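Trainee: I am new to this model and would like a close look at one part of it. Could you take me through its aromatic side chains and then go on to the charged ones around the chain?

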Amino acid sequence: MAAEVPPPRITARDGSGSLLGLARTLSDDEHICYVQDVVVNPANHRQGVGRALVEHLMRRYSHCRFFLLSTDHESSPEGSRNHAFYRSMGFLSYEEKEMAGFGLPRNRPDLRETAP
């Protein structure tokens, strides 16, 4: 049985060591890098923290065939801001990249206790 390894995480901190933001990825370090989280303290929004984190990941995983992330739909308050941020960094929607992405609905039955 293999031990679970936490996903790689990078952080951005100020001079005193206070956490400004963090980003986590899941990757096989060859074919795909999935950016799981980019989180910046709201007090540090629009100061380049998120951009620095994502640019670091883009360089680190530039050799991967796919560099992907998911975010809220553009119609939500966070989604609108997030879409603008990622587009400013050159990200395109799956459709614009002529790709497809699939996910299960958020509200679905919990099947962990049912027999296969």
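Predicted model: local features only at pLDDT ≥ 70, side-chain atom pairs only at ≥ 80, totals over all residues.

Which residues do ring pairs link into a cluster?

Mentor: The cluster is made of Phe 67, Phe 85, Tyr 86 and Phe 91, linked by ring pairs. Residues are numbered from 1 along each chain as its sequence is written, and side-chain values use heavy atoms, with hydrogens and water left out.

Let's start with the rings. A pair of aromatic rings is described by the distance of the centres and the angle of the planes. Rings of Phe, Tyr and Trp (for Trp, its six-membered ring) pair if their centres lie within 6.5 Å; planes under 30 degrees apart count as stacked, over 60 as edge-to-face and the rest as tilted. Three aromatic pairs are found by this rule. In one of them, Phe 85 and Tyr 86, the ring centres are 5.0 Å apart and the planes meet at 65°, so the pair is edge-to-face. Tyr 86 also pairs with Phe 91: with centres 5.5 Å apart and planes at 70°, this pair is edge-to-face.

How covered are these rings? Buried means under 20% relative accessible area, exposed over 50%, and partly exposed in between (1.4 Å probe, protein chains only). Tyr 86 counts as buried because its relative accessibility is 11%, and Phe 91 is buried too. Phe 85 has a relative accessible area of 25%, so it is partly exposed.

Now for the charged side chains. The term stands for a side-chain nitrogen of Lys or Arg within 4 Å of a carboxyl oxygen of Asp or Glu. Arg 87, at 39% relative accessibility, is partly exposed, and so is Glu 96, at 42%.

By this rule there are five salt bridges. Another of them joins Asp 29 and Arg 60, with the closest N and O atoms 2.8 Å apart. This pair links distant parts of the chain, 31 residues apart: Asp 29 lies in the loop between strand 2 (19-27) and strand 3 (32-40), and Arg 60 in helix 1 (residues 49-60). Helices (H or I, at least four residues) and strands (E, at least two) are DSSP runs, numbered from the N terminus. Both partners count as partly exposed, Asp 29 at 36% relative accessibility and Arg 60 at 38%.

Arg 60 brings us back to an aromatic ring, as it lies over the face of Tyr 61, at 4.4 Å from the ring centre. A charge sits over a ring if NZ of Lys or CZ of Arg is within 6 Å of the ring centre and within 35 degrees of the ring normal.

Let's finish within helix 1. Arg 51 and Glu 55 both lie there, four residues apart, about one turn of the helix. Their side chains meet in a salt bridge of 3.9 Å, N to O. Arg 51 is partly exposed, with a relative accessible area of 29%, and Glu 55 is partly exposed at 32%.
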